[in-house]
Amino acid sequence: MEPDTTVDYILCECPLDALVTFVDSLTRHYSIRLIKSPGICLTMIRAEDSVENQEFYLGEALTTDCEVTVENIVGYGICLGDEPQRAYALAVLDAVIQHKDAQTPLIRAFLSEQRAGIQQREQTEFAHIQRTKVVFKLMEQA
């Protein structure tokens, strides 16, 4: 499985409908209990001063968090914005990933598919940005 930050990035950036559909297909295999319903909260954003290497709080961000148990394993999900479905899906997947059972290959395949889609979207976005880039050397020659 990919490092946690990569998994988190993929799950937070992938299309919500694909994520919800995938998690719904997984829930048939497990007993899931909601500990904390998806709720909106403000989360402090930490940053580090690059000169003095001291940590400080940059500000607050609106987040949605959720907590579940899947077969007695706790899963926690948090995402930016007001996205209760995504927070719930993240919590379920967090717990299911810890199981490391027969569903693990399906989860890996889903993550790979979504990573490819995200990379394609980012490349397209980058290409659009590059088209708007001004080349000042060409402007000087005119």
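Exposed means over 50% relative accessible area, buried under 20%, and partly exposed in between, with a 1.4 Å probe and protein chains only. An α-helix has 3.6 residues a turn, so residues three or four places apart point the same way. H2 itself spans residues 16-27, twelve residues in total. From first C-alpha to last it reaches 16 Å, close to the 16 Å expected at 1.5 Å a residue. The expected span is 1.5 Å times one less than the number of residues.

This is a predicted model: local features need pLDDT of at least 70, side-chain atom pairs count only at pLDDT 80 or more, and totals for chains, interfaces and linings use all residues. Residues are numbered from 1 along each chain as its sequence is written, and side-chain values use heavy atoms, with hydrogens and water left out.

Now the whole chain. It has five helices and three strands. From the N terminus the order is α-α-β-β-β-α-α-α. Helices (H or I, at least four residues) and strands (E, at least two) are DSSP runs, numbered from the N terminus.

Turn to the strands. E1 (residues 32-48) and E2 run antiparallel, joined by 14 bridges. Two strands pair if DSSP finds at least two bridges between them. E2 also pairs with E3 (residues 73-80), again in the antiparallel sense, over eight bridges. Across this second pairing, Glu67 stands opposite Tyr76 in E3.

Thr63 gives a view from within E2 (residues 55-70). Cys41 stands opposite Thr63. Thr63 counts as buried because its relative accessibility is 4%. Which residues is Thr63 in contact with, leaving aside its neighbours within four places in sequence? They are Gly39, Ile40, Cys41, Thr43, Ile78, Cys79, Leu80 and Gly81. Contact means heavy atoms within 4.5 Å.

The two hairpins each have a residue with positive phi. Between E1 and E2 lie six residues, and Asn53 in the turn has a phi of about 55 degrees. Asn53 counts as exposed because its relative accessibility is 53%. The hairpin of E2 and E3 has two residues between the strands. There Glu71 has a positive phi of about 50 degrees although it is not a glycine. At 39% relative accessibility, Glu71 counts as partly exposed. Most residues other than glycine have a negative phi.

Finally, the overall form. A compact globule of 142 residues would have a radius of gyration near 14 Å, but this chain has 20 Å. The radius is taken over C-alpha atoms, and the globule rule is 2.2 Å times the number of residues to the power 0.38. The C-alpha atoms fill a box of roughly 70 × 35 × 25 Å along the principal axes. Of the 142 residues, 27% count as buried. Among contacts with a separation of 6 or more, 56% join residues 24 or more positions apart. The chain exposes about 9,500 Å², with carbon and sulfur atoms supplying 54% of it. Accessible areas come from the Shrake-Rupley method with a 1.4 Å probe; for residues, only the protein chains shown count as cover.
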